[in-house]
Amino acid sequence: MTSARNDLDVLFIGAVMNYDGTVGSLANHIRQDGKWVAPFQYIYQKRPEIFRDEAHACVYGVPNLSISKLADYLKRTVEDVNFHIVWHFDYHKDEVLDILQNRPPKLVAISTTLAFYPQFLNDAVAWIQAHKRPETKVVLGGKWIYDRYKLHGYADELDAEMDATGADYIVLNGYGEEALHQLLLAQRDGDDLRAASLPNMATRRATCAEPSSDALAFTGKHYCINHVVNEQHTPGEPMIDFANIGREFLSDVVHVRTCSSCPFKCKFCTFPVLQGEHVLFELDDVMHQLHQLADMGVKSLFFIDDTFNVPPKRFNKLLDRMIEADLGMTWVSFYRAQFANAEMTQKMYDAGCRMVFCGFESGNDQILKLMDKHVKVTQYQNGLKYLSDAGIETLASYIVGYPGETRETAMDTLELIDDPRVSFSRGSLFYYEPSAPVGKIAAEWELTGYGSEWKHKTMDSDTAAEIHLEMLSKLKGINTPISDGGAWSLFNLFARGLSWDEVRQLYRDFNAIQKQQVAEAGQDALDGYRAHAQSAKRRQDRATEEKQSSFKAALEFARSRGRAGSVQAPPEI
């Protein structure tokens with residue numbers, strides 16, 4: 001339990017995804033009443049009696065491990081620490097506002113691990129900065145911001161990206177628990193110089209003290225960036241003690257993991273690059289944690305191990321122990337289908353597995369080889385048979401546009417995911433991270449650009465978007481847009497009380513509306529393929545421009561009729 005003190009040390013904030021309907025695309029949403037609607041919002045509208053509210057239907061409200069690990073670490077290391085957790089910012093602004101005004105925290109700590117659209121993060125920080133007290137500082141950490149450091153290093157480009165966030169402190173580290181610990185102690189002591197001089201810390205020059213010279217690695221226009229060093233950290237030691245989080249901050253569904261990093265080195269993926277060596281946690285510790293969660297009333301689990309069923313021998317041992325324990329919890333996990341067999345998949349079902357997320361990526365053997373997936377399409381097909389026979393739902397994810405991709409290879413992928421044993425599929429465009437292994441062969445493929453905007457020898461991102469929309473138009477199975485979490489969202493809906501038959505039918509209905517709207521939009525659907533979030537300021541600027549444009553048009557019309565004096569200017573002019 002947290003302390004009874006009224007003021008807070010830390011207000012933790014998890015996801016900052018925005019579902020207010022202002023941002024979206026027909027690749028991931030449908031249009032209703034002038035707003036973009038994600039699948040879970042559509043399902044909430046159809047079956048509101050299943051959920052407490054719309055936020056309850058959103059998967060980003062599920063307790064995530066980024067925040068859980070930080071909170072657990074502070075509970076172990078800081079005397080009488082007092083924290084509060086908000087898992088999804090945009091659905092709980094009233095709660096955040098009340099805390100900022102009546103229980104002002106020393107730090108607002110925001111994880112960027114779920115910052116899939118950076119502008120949502122920037123908007124959230126701007127809102128918090130506008131409503132917090134001056135003594136409260138905003139600190140960011142996590143995968144997205146650390147990726148930016150790995151991309152740019154100590155450079156003006158990193159300084160500019162950090163400036164866009166508007167945070168006071170930014171932790172640049174793959175873990176960051178100790179950095180947050182030391183920052184909180186410095187804030188408690190009122191020692192701004194010590195806070196600014198911590199390793200792995202970037203401090204905003206306008207709001208924070210300047211660091212000591214021996215700590216400093218780079219001085220940008222907006223931030224001082226200290227030396228980035230490795231934190232002493234052994235994955236899985238100790239496992240998260242969820243009693244340190246507190247039952248009040250847990251839901252019936254919780255993220256857990258049994259290992260860190262991944263033993264595979266797929267060329268498009270940054271995960272092993274950032275997380276380092278693949279480390280398997282002790283099964284005794286894993287089972288202790290699962291027993292603890294079951295005793296706390298948790299009903300469903302998201303195993304977020306990048307490769308849950310590898311190595312297979314260990315996976316089988318874990319399944320046996322879960323079956324013996326009879327925990328009464330259902331779960332979903334990532335899964336390498338090429339390692340499936342009849343006995344294993346039946347054990348998975350008996351242990352509580354109801355869905356797996358299979359990263360197929362392509363249905364073409366040559367593309368799989370280029371990706372370093374170490375698998376053949378026939379192995380995927382065999383795995384699908386075993387999963388289907390065991391009664392386990394499968395989501396197959398795929399990528400369109402990896403170097404070497406052509407329209408023909410993409411159609412091979414369509415054929416694979418249209419297998420009737422694939423319950424759901426989820427597609428995305430190739431995302432170019434130069435820090436991923438594919439960056440080392442960029443010159444070979446004439447690969448240029450960054451993120452979702454790129455081109456290479458065989459394709460560019462615009463062509464990939466066009467091909468993906470063509471695939472969706474031809475898909476006979478169920479498409480799961482990435483806008484609301486893919487497989488995780490599907491399982492969240494099931495865990496909240498919908499049957500799989502209901503989930504499938506509601507997604508089919510959503511897909512039918514989506515396909516119709518894409519067909520009606522034509523080129524406009526392609527032009528608006530990607531959802532580019534706009535900050536509140538940019539939205540306001542655009543609204544102002546529209547008002548001014550309308551006023552000027554009315555003024556010109558009035559002048560032509562000799563009635564210019566009757567036209568009133570908007571307040572912004």
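Axes are lines fitted to C-alpha atoms, for helices over the stretch in contact, and angles run from 0 to 180 degrees between N-to-C directions. Helices (H or I, at least four residues) and strands (E, at least two) are DSSP runs, numbered from the N terminus.

The structure is a predicted model, in which local features need pLDDT of at least 70 and side-chain atom pairs count only at pLDDT 80 or more, while totals for chains, interfaces and linings use all residues. Residues are numbered from 1 along each chain as its sequence is written, and side-chain values use heavy atoms, with hydrogens and water left out.

**Exercise 1. Describe the packing of helix 12 and helix 13.**

Solution. 

Step 1. Two packed helices are described by the angle between their axes and the distance between the axes. For helix 12 (residues 283-295) and helix 13 (residues 312-325), the angle is about 35° and the axes lie 11 Å apart.

Step 2. The crossing of helix 12 with helix 13 is right-handed; this term applies if the near helix is turned clockwise from the far one by less than a right angle, and left-handed if anticlockwise.

Step 3. Contact means heavy atoms within 4.5 Å. Helix 12 contributes Leu283, Asp284, Val286, Met287, Leu290 and His291, and helix 13 contributes Arg314, Lys317, Leu318, Arg321, Met322 and Ala325.

Step 4. Sorted by class, these are seven nonpolar, one polar and four charged residues. Here Ala, Val, Leu, Ile, Met, Phe, Trp, Tyr, Cys and Pro count as nonpolar, Asp, Glu, Lys and Arg as charged, and the others, Gly among them, as polar.

**Exercise 2. Determine the strand order and pairing of the sheet of six strands.**

Solution. 

Step 1. Two strands pair if DSSP finds at least two bridges between them. The six strands form an open sheet with parallel pairing, in the order 11-14-15-16-17-18.

Step 2. Strand 11 (253-256) and strand 18 (424-429) are the edge strands, each pairing on one side only. Neighbouring strands of this sheet are turned by 20° against each other on average, direction ignored.

Step 3. Within the sheet, strand 15 (residues 330-335) pairs with strand 16 (residues 353-361) in the parallel sense over five bridges. Val332 has Met355 of strand 16 as its bridge partner.

**Exercise 3. Examine the backbone at Pro311, Asp33 and Glu361.**

Solution. 

Step 1. Most residues other than glycine have a negative phi, and most peptide bonds are trans.

Step 2. Val310 and Pro311 are joined by a cis peptide bond, with omega about 0°. Pro311 belongs to the loop between strand 14 (300-303) and helix 13.

Step 3. Asp33, which is not a glycine, has a positive phi of about 50°. Asp33 lies in the loop between strand 2 (30-32) and strand 3 (35-37), and it is exposed, with a relative accessible area of 81%. Buried means under 20% relative accessible area, exposed over 50%, and partly exposed in between (1.4 Å probe, protein chains only).

Step 4. Glu361 has a positive phi near 70°. Glu361 is part of strand 16 and is buried, with a relative accessible area of 10%.

**Exercise 4. Identify the residues that touch the most other members of the largest nonpolar core.**

Solution. 

Step 1. A nonpolar core is a set of buried Ala, Val, Leu, Ile, Met, Phe, Trp, Tyr and Cys residues joined through side-chain atoms within 4.5 Å.

Step 2. The largest core has 112 residues, of which Phe12, Phe242, Trp331, Tyr335 and Met348 touch the most other members. Helix 18 (residues 461-474) supplies the largest share, six residues.

Step 3. A second, separate core of 38 residues includes Val23, Phe40, Leu395 and Phe491.
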